[in-house]
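The following questions and answers examine a predicted model. They turn to the ligand surroundings and then to the strands.

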Amino acid sequence: MTAPLAKPSAWSLLPAEWKPLCKELGIPAYRADQIVTGLYQNFALSWQELTTLPLDLREALAERFTLAPLETAQIQPSADGVRKLLLACEDGERVETVLIPSKDRMTQCISSQVGCDFRCAFCASGQLGCARDLTADEIVGEVMAACALMRQESGFGVQGSASPSSTPGNETVPPNPDPRPLLSKPGAKPVLPRPGNIVVMGMGEPFDNYDNVLRALRILNDQKGINIGARHITLSTCGVVPGIQRLAEEGLQFELSVSLHAPDDALRSQLMPVNKRWPIAELIETCRAYFEKTGRVVTFEYTLVKNVNDRPQHADALIRLLRGMPCKVNLIPLSPVEGFDGERPEDRVCLAFLDALLKAKLSTTLRKSRGKDVDAACGQLRLRSAKRAV
Ligand code: SAH
């Protein structure tokens, strides 16, 4: 399903893979470190920017590997600071990524596939099915696009431009007139801005593209890569049991979220067809085994839909289902989407649901809805742009 690329991308390689590769190509080993630093600490967006390398080496690398940012086709800002970026892949497919600022860090929500095959009732990503998997370098490229934007906005120079072409409605960032990196103290190593949290909750099912997603996350997590701590990286699955089992064996510290959305099989199968393949009992058992193997607590995502799964009896059934299970629950009020006639429950209903779970000693949070005015639910922007194109 992965689109073939003429040349591999530099972002498809793990930092540790550059040394053997340099050896194979007859390039001195110390160049591997310079390449990795250029790619991931300095966020070079073209081989020309790796000025620590001699020109002929840059040219030789450019012959073998592409190094080009995904084009930012559109940036949709919202009043609360959340921004959704629509990125164009080389073959013209479009993926969404969302930047969510908070007081001390930027959270980036990234996509794992172009669309999704799992067709959860209220998820816009599934409405057109899955066009293809994203490659590891495209997933890394989503984060690079965010880094480039953050770098530009914070005054760190950027030579290549990740800003979008000036389509009406787009937010364009003026180039920084002074391209010198800002130093916190004289002599300090510049730390370029990057997202502090990554959540794989954009378009797609990460465990339906397991190898590429894991490779990308290892690159993002690698200390010589983008260096985002494992505990700041969250994978979210609709409940693909073999994926959870595989992740349990990786020895990684990533956070795992599981989309549950209903406390019983009849309702869950209605909302999430994946439940017919891996029903609730099997899913919960797998999550329990995941905790036993890794010591990591699973978070259950529960999207609240008015009069569908938000009643007191649903809260009670959820409490019974999760009793004694080391886990967290994250309640998400529905973001209304075209093609699904469910509604967001009133705030007091969401709060009553939260309260019931807290009283039962379930560690529960209610997600503040942000980015409402940017169609923040996954897949909505791509869906709109695809519908416009038809
Ligand atoms: N495929 C993965 C990750 C993508 S969706 C998964 O299913 O977990 C990330 C989360 O957003 C999931 O919990 C999903 O069910 C939820 N979601 C999707 N559309 C939504 C909407 N319209 N309103 C609220 N939550 C939604």
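Q: What is the distance from an oxygen atom of the ligand to an N or O atom in the side chain of His261?
A: Polar contacts are pairs of N or O atoms within 3.5 Å. An oxygen atom of the ligand lies 3.3 Å from a polar backbone atom of Thr237, and an oxygen atom of the ligand lies 2.7 Å from an N or O atom in the side chain of Ser236. For the side chain of His261, the distance from an N or O atom to a ligand oxygen is 2.6 Å.

Q: What percentage of the area that the ligand exposes when taken alone does the protein bury?
A: Taken alone, the ligand exposes 530 Å². The share of this area that the protein buries is 95%.

Q: Why is strand β9 largely enclosed by the rest of the structure?
A: A residue is buried if its relative accessible area is under 20%. Strand β9 (residues 255-259) is largely enclosed because the number of its five residues that are buried is five.

Q: Through which helix does the chain cross from β8 to β9?
A: Strands β8 and β9 pair in the parallel sense over four bridges, and Thr234 stands opposite Glu255 in β9. The β-α-β crossover from β8 to β9 is right-handed, and its helix is α6 (residues 241-248).

Q: Which residue in β10 is the bridge partner of Ser257?
A: Strands β9 and β10 run parallel and are joined by three bridges. Within β10, the residue bridged to Ser257 is Thr299.

Q: With the side chain of which residue does Arg83 form a polar contact of 2.7 Å?
A: Arg83 belongs to strand β2 (residues 83-88). Its relative accessible area is 10%, so Arg83 is buried. The side chain that Arg83 contacts at 2.7 Å is that of Glu153.

Conventions: Residues numbered from 1 in each chain as written. Predicted model: local features only at pLDDT ≥ 70, side-chain atom pairs only at ≥ 80, totals over all residues. Heavy atoms only, no water. Polar contact = N/O pair within 3.5 Å; in protein donor to acceptor, adjacent residues only side chain to side chain. Areas by Shrake-Rupley, 256 points an atom, 1.4 Å probe, with all protein chains shown as cover. Buried < 20%, exposed > 50% of the residue type's maximum accessible area, 1.4 Å probe, protein only. Helix = DSSP H or I, 4+ residues; strand = E, 2+ residues; numbered from the N terminus. Pairing = 2+ DSSP bridges. Right-handed = clockwise from strand over helix to strand, strands pointing away.
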